Amino acid sequence: MAGNEMAIADFLFNNIGKATLNHLGLIKEIGAPDKSLNKYKAINNAEALKLISTQDSKKKADIYINGVGVSLKQTGPSFPYNRLQRADVLNLFNFLKLNNPEEILNKIDTEVDNFHVEKTSGRSRPWNTVFSETDFKKLVKYLMMEGSPKKQSNHPADFILEASKVISKAEDITVYTFDEYFDKYKDSIFLGVRRQWIGQGSKFEHRRAFGLKKKPENLKWVYDDVKGSPNPSKSTGFIWNPLWPEKDRKTVYMIFIEKI
């Protein structure tokens, strides 16, 4: 969900029967994705939305408004999709019937390698160096609205609701179709080359990186030398795990789709 999801939910509940949203009309009913039902459950307060919707991490609809699945986004920078690993890319591209999937993957490999060896500066890479607009739009739509690399969601989103951090009136909210959202923001969307480290102080991030390394298809995005530095672990304060040999540290990459 967006960082301001509870503010959005509070506004929606307080304005049932009062406020009208573009594409959705007068707000009549609010629902939460319900994993047990593979559908949605009508609810009557924002706290219920939080408790029910968080049961399903694979949902694309964060909320249902008048029975329609909606993805919530806060105005400003956001992540249409996090943590795309190399092992999933080729199957996903083939599933989406992108043109020349292997060539696209090779171009992403080049972007990752160039960033690692510091041929390029900045981790946010223009998508049009890798994808045609048609293919990139198809990819972002699927990951943002329809499913994950391995599975289509039981809670797809039909619309995107974007709102400011503080919501005082309906005009602070805009509802987009995916086409409207992409056309407005396509020049602000990038491929984010993100790294984490085997041996870093955060046990959670270390385990994630180690798990990525176990898959042979990910190895092109795994480097034996360390570039950059992790943030200190929130639990221990360590940047690096003092019990993990320095010689065994590795840099591991994933791709984020980010709106900046």
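The model is predicted, so local features need a pLDDT of at least 70 and side-chain atom pairs count only at pLDDT 80 or more, whereas totals for chains, interfaces and linings use all residues. Residues are numbered from 1 along each chain as its sequence is written, and side-chain values use heavy atoms, with hydrogens and water left out. The protein chain contains 7 helices and 13 strands, where helices (H or I, at least four residues) and strands (E, at least two) are DSSP runs numbered from the N terminus.

**Overall dimensions and surface**

- The radius of gyration of the protein chain is 20 Å, which agrees with the value near 18 Å that a compact globule of 260 residues would have; the radius is taken over C-alpha atoms, and the globule rule is 2.2 Å times the number of residues to the power 0.38.
- Along the principal axes, the C-alpha atoms of the protein chain fill a box of roughly 60 × 45 × 35 Å.
- Of the 260 residues in the protein chain, 50% are buried, a class defined by a relative accessible area under 20%, with exposed meaning over 50% and partly exposed lying in between (1.4 Å probe, protein chains only).
- The accessible surface of the protein chain comes to about 13200 Å², and carbon and sulfur atoms hold 49% of this area; the areas come from the Shrake-Rupley method with a 1.4 Å probe, and for residues only the protein chains shown count as cover.
- Among the contacts in the protein chain with a separation of 6 or more, 69% join residues 24 or more positions apart, where contact means heavy atoms within 4.5 Å.
- The protein chain carries 41 positive and 32 negative side chains, and the centres of these two sets lie 5 Å apart. Lys and Arg count as positive and Asp and Glu as negative, while His and the chain ends are not counted; each charge is placed at NZ of Lys, CZ of Arg, CG of Asp or CD of Glu.

**Nonpolar cores**

- In soluble globular proteins, nonpolar side chains tend to be buried together. A nonpolar core here is a set of buried Ala, Val, Leu, Ile, Met, Phe, Trp, Tyr and Cys residues joined through side-chain atoms within 4.5 Å.
- The largest nonpolar core has 39 residues, of which Ile-108, Phe-131 and Phe-136 touch the most other members.
- At least two residues of this core come from each of β7 (78–84), α3 (86–95), α4 (101–116), α5 (133–146), α6 (178–185), β11 (189–198) and β13 (250–259), and α5 gives the most, with 7 residues.
- A second, separate core has 25 residues, including Phe-13, Ile-43, Ile-63 and Val-70.

- Phe-131 is in contact with Phe-93, Leu-98, Ile-104, Ile-108, Phe-136, Leu-139 and Leu-191, leaving aside its neighbours within four places in sequence.
- Phe-136 sits in helix α5 and is buried, with a relative accessible area of 0%; not counting residues up to four places away in sequence, Phe-136 touches Trp-127, Phe-131, Phe-182, Ile-189, Leu-191 and Ile-257.
- Phe-136 and Lys-186 are 50 residues apart along the chain, and their C-alpha atoms are separated by 9.6 Å.
- Trp-127 lies in the loop between β8 (124–126) and α5 and counts as buried at 8% relative accessibility; beyond residues up to four places away in sequence, Trp-127 touches Ser-132, Glu-133, Phe-136, Lys-186, Ile-189 and Leu-191.

**Partly exposed residues and backbone angles**

- Ala-7, in helix α1 (residues 5–14), is partly exposed with a relative accessible area of 28%, and its contacts, apart from neighbours within four places in sequence, are Lys-165 and Ile-167.
- Asn-66, in the loop between β5 (63–65) and β6 (68–74), has a phi near 55°, a positive value in a residue other than glycine, and is partly exposed with a relative accessible area of 25%.
- Arg-83 lies in strand β7 with a phi near 60°, a positive value in a residue other than glycine, and counts as partly exposed at 34% relative accessibility.
- Pro-232, in the loop between β12 (222–223) and β13, is partly exposed with a relative accessible area of 46%; leaving aside neighbours within four places in sequence, Pro-232 is in contact with Gly-237, Phe-238 and Ile-239.
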